[in-house]
Amino acid sequence: MSSSSVLDLHKKWFMVPLPLRTCSLRDVATFTVTKEQMDKYYQEAQSILDDEGKAAQMDRGRWYSSQFMSRGTTSDKIATAAVKLADTDFMFYLDGFTLLFDTARTDTHHYEAALKALTAVWPRLLPPRPLKRFVSQYFATLPTDDVARKTTLVYWYLEDYLKRTYAQFLALSESMLKDRIVQRRDTWLDAVGKLLCSVAEGRSTAMAMMIDKLGDPVSSVAHKAYHHLLKLLSESSTHQSMLFTELEKVIFMKNCPLRTMRYAANVMNQLVFSKEERKLALKCVQTYLSLFRQLALTGNVDSTVTTAIIVGLRRAFPYAGVDLAPLEEHLNALFILANTGNFQQRVATLTLLQLLAFNKGTAESFLNRWYRTLYGLLLLSPKQIPQSAQLTNFFSLLHKAMRADKSKARIAAFVHRLLQRAVFFNDAMICAVLLLVGEMSQAHPHVRKMLKAHANPLAAPAALAQKGKAGNGTGTASAASSGCNYDPKAREPLFANAAGECIWTLNMLSRHSHPSVVKLSILLLFGEDIVFDVHPLDDMTPLNFLNMFVDARANSKDDDDAKAGNTATGISVFHRAAHKASLPSTSDPYFINASAQDVDVAALFLHRYAVQRQRFLEGLSQVRSTWGDTSGEADVAMRVTNLDAALFGPSGTLADPVGTANAAAASRGTKKATAAPKRAAAKDKDEEVSDEGERDGQGSTDGLAGDGDDASGDDLDDFDAEASDNGLDAAAAAAMADEGAKFGELIEANAKEMSKKRKRELDWLEGRSAGGSGGRSGFGRGRGGAGRTRGASPYGRGRLRGRVSSRVQGGGGFKRGRY
């Protein structure tokens, strides 16, 4: 490059100091340039850059690189363009942008390489600030010196050229992000996401494209856009207002998908506020409340979206101020929803309002209104009780509310209503309520005194009333509680007068059918600390109860993945880890060998079953002598009777075999007297079937040849003999069943007894085999008819009648026809 060049190739173009003319701000503001002058400046700068490019072509190295870009392979062109555009003399290879754009848009095989090249070039080529157009420059500062003037115009032209080129790239990216091929769409999204974090130019446009891809139908693409936005927030917080505006447009869009709303809400709650950003924090609170109100009214309350909104409110509300006047419209609508919606909507709304109610500086009237709404929720019908995941949020809300409450009268009203409503709930709900009351008895001493008041129900109301007068924080509630009776239907818990009422519901629950409910109730009545290792809402389900009786063992590989996290497949961002119930099992040897005193009362029935089952199997393995012999099962089943009558059999032993045999003999006599008429009727029926078969065989063989008649007569004699044998076998089996036990021997006899149809089938097959070995097979031509008659089919039509219809008599014998 000649010394007269106006370009400095030793520095990056945006780091070259421009020789601008010094002028006042008034001159900058009042200086105007006409359109003709602007065009003249632009053409002048373009001509100066063209002259510099022609002069640069005289250099052999630049000429060699230009030949690579024009004559090399596609890979050579992409590599050369990436190297030269990232250098300080990029202005001589501006055609490389066109090459990379065309390759990334149209080339199926090299579009990924072109995108990687552009992703590497743009951060090195663009400054860490937004670019300015040529018409936006301050022409009042344009120097009057010729060389300085040319230098300033050329660099202004380069900045304008890069701004227009990057805008073309973003427009191309927006169109390619809508491509039908998922892989190509994913690759372009990666390129735009990297440039979003590293390039300041066009960040709002790239941010809008990234937020738009949160609603992509392919979940992997949407999830990748979500992570790019989170990465942008983690690297810089200067663009939070812009990002929040774009997200607000998306979530309030008509027919916005729930998954898109979920991603947007999780990005919004990651905003970091400061004391100077009070307006942004207040705007976020209003947006969160509006979004939740929209979800609740449309019936699309999603737990993940609700959780994201609550997290965002918890972060934004401390910076928004304590004045609730701007939020009054939203709060009134939310309270209406909390009183009239379904269970899920009411719990989610109260959880949202709890953040505002427990905030410092909140008015007492707002707090009382929130507690009154929560108190009314306890009157929910058992038919509206949802699944355990939603009940967990409900009990978490109750626990936080009752633990933070300072009013003794209100806590007493909540305890009374919880225990009274628990009578109508299932076992899991009752255990959860009792655990919650136990926690409150440890946090509030007056609740423990209320629970112990059942010992002296007449003196307890007066004592607790005097205590309420002395220590209650609310004077009106204290006076009401001391002068009136308990009102279980009161709308306001402060005026329910529950502090002086005996908790009689615990006496009912102590006689409940479920042992865990009885255990927790008795512990509360005696004021003991509750130790309960089971999560009632997650573990006390019918499915877990049935799984305790299953012998299948857990897969160790699945357990390790659940503990350490499966890194191969990843873990969902929006879902908590699955809770695994720690319940006993009948296949656990440690549980079987444990003593009854060490087993929880809720598992005593299972422990008894496991012990009896194990002893039955051990006794059965000792009695059996051969595989499949079940003759000892009845003996073992009758001997496993002398178990511990108190607590289910750990000390039980097998009974005496002699006494067991006597009992079995008496039982066999009764069974024999009952079953004798049935066996006689079955035997007569079998003989009638055998006689009918003989008559059918004789009638169907009358028209055959003499040899065939003789053979048929022999076969029918054999058939009679076999039928009589079957009757003897049936009688022998019945006798064996009579002599055996009523359990094992009867099973063995029934297994050995063979049906008449099956026996005739086997005899027919044996007859065919014998006929084939003696040279009388019925499948050959010119064979004797006797051989055909011996192998009579035992099946329906083909047994006797089918033989005549399937043969054609011709010549001296039978010919083979259709079988």
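**Entry 1: V305.** I began with V305, which is buried at a relative accessible area of 0%; I use buried for under 20%, exposed for over 50% and partly exposed for in between, with a 1.4 Å probe and protein chains only. I found V305 in helix α14, residues 303-320. My helices (H or I, at least four residues) and strands (E, at least two) are DSSP runs numbered from the N terminus. Setting aside neighbours within four places in sequence, I listed L258, R262 and L295 as the contacts of V305, where contact means heavy atoms within 4.5 Å. I also checked V305 against L258: the two are 47 residues apart in sequence, and their C-alpha atoms are 8.4 Å apart in space.

**Entry 2: ground rules.** I noted that this is a predicted model, in which local features need pLDDT of at least 70 and side-chain atom pairs count only at pLDDT 80 or more, while totals for chains, interfaces and linings use all residues. Residues are numbered from 1 along each chain as its sequence is written, and side-chain values use heavy atoms, with hydrogens and water left out.

**Entry 3: the whole chain.** I counted 37 helices and two strands. Of the 819 residues in the chain, 43% are buried. Among contacts with a separation of 6 or more, 69% join residues 24 or more positions apart.

**Entry 4: α13 and α16.** Two packed helices are described by the angle between their axes and the distance between the axes. I applied that to helix α13 (residues 278-298) and helix α16 (residues 343-357), whose axes come within 11 Å and cross at roughly 170 degrees. The axes are lines fitted to C-alpha atoms, for helices over the stretch in contact, and the angles run from 0 to 180 degrees between N-to-C directions. The crossing angle therefore makes α13 roughly antiparallel to α16; under 35 degrees would be roughly parallel, over 145 is roughly antiparallel, 65 to 115 is roughly perpendicular, and the rest is oblique. On the α13 side I wrote down L289, F292 and A296, and on the α16 side Q345, A348, T349 and L352. Sorted by class, this contact has five nonpolar, two polar and no charged residues. My classes put Ala, Val, Leu, Ile, Met, Phe, Trp, Tyr, Cys and Pro under nonpolar, Asp, Glu, Lys and Arg under charged, and the others, Gly among them, under polar.

**Entry 5: L334.** What does L334 touch, not counting residues up to four places away in sequence? I got L289, F292, R293, T349, L352 and L353. L334 is found in helix α15 (residues 328-340) and is buried, with a relative accessible area of 0%.

**Entry 6: α7 and α8.** Next I took helix α7 (residues 146-176) and helix α8 (residues 182-198), which pack at about 145 degrees with their axes 9 Å apart. Y166, F169, L172, S173 and M176 of α7 meet R184, R185, W188, V192 and L195 of α8.

**Entry 7: α25.** I found helix α25 (residues 515-525) mostly covered, with eight of its 11 residues buried. Those buried are S516, V517, V518, L520, S521, L523, L524 and L525. Their cover includes α20, α21 and α24 (505-509). After α25 comes G527, with a positive phi near 70 degrees.

**Entry 8: H444.** This residue sits in the loop between α20 (427-443) and α21 (445-452). I have H444 as buried, at a relative accessible area of 10%. Not counting residues up to four places away in sequence, H444 touches M402, R403, D405 and I411.

**Entry 9: two asparagines.** Buried or exposed: which is N255? N255 is exposed, with a relative accessible area of 69%, and lies in the loop between α11 (240-251) and α12 (258-268). Its phi is positive, near 60 degrees, in a residue other than glycine. N497 has a positive phi of about 55 degrees, although it is not a glycine. I placed N497 in the loop between α23 (475-483) and α24, and noted that N497 is buried, with a relative accessible area of 7%.
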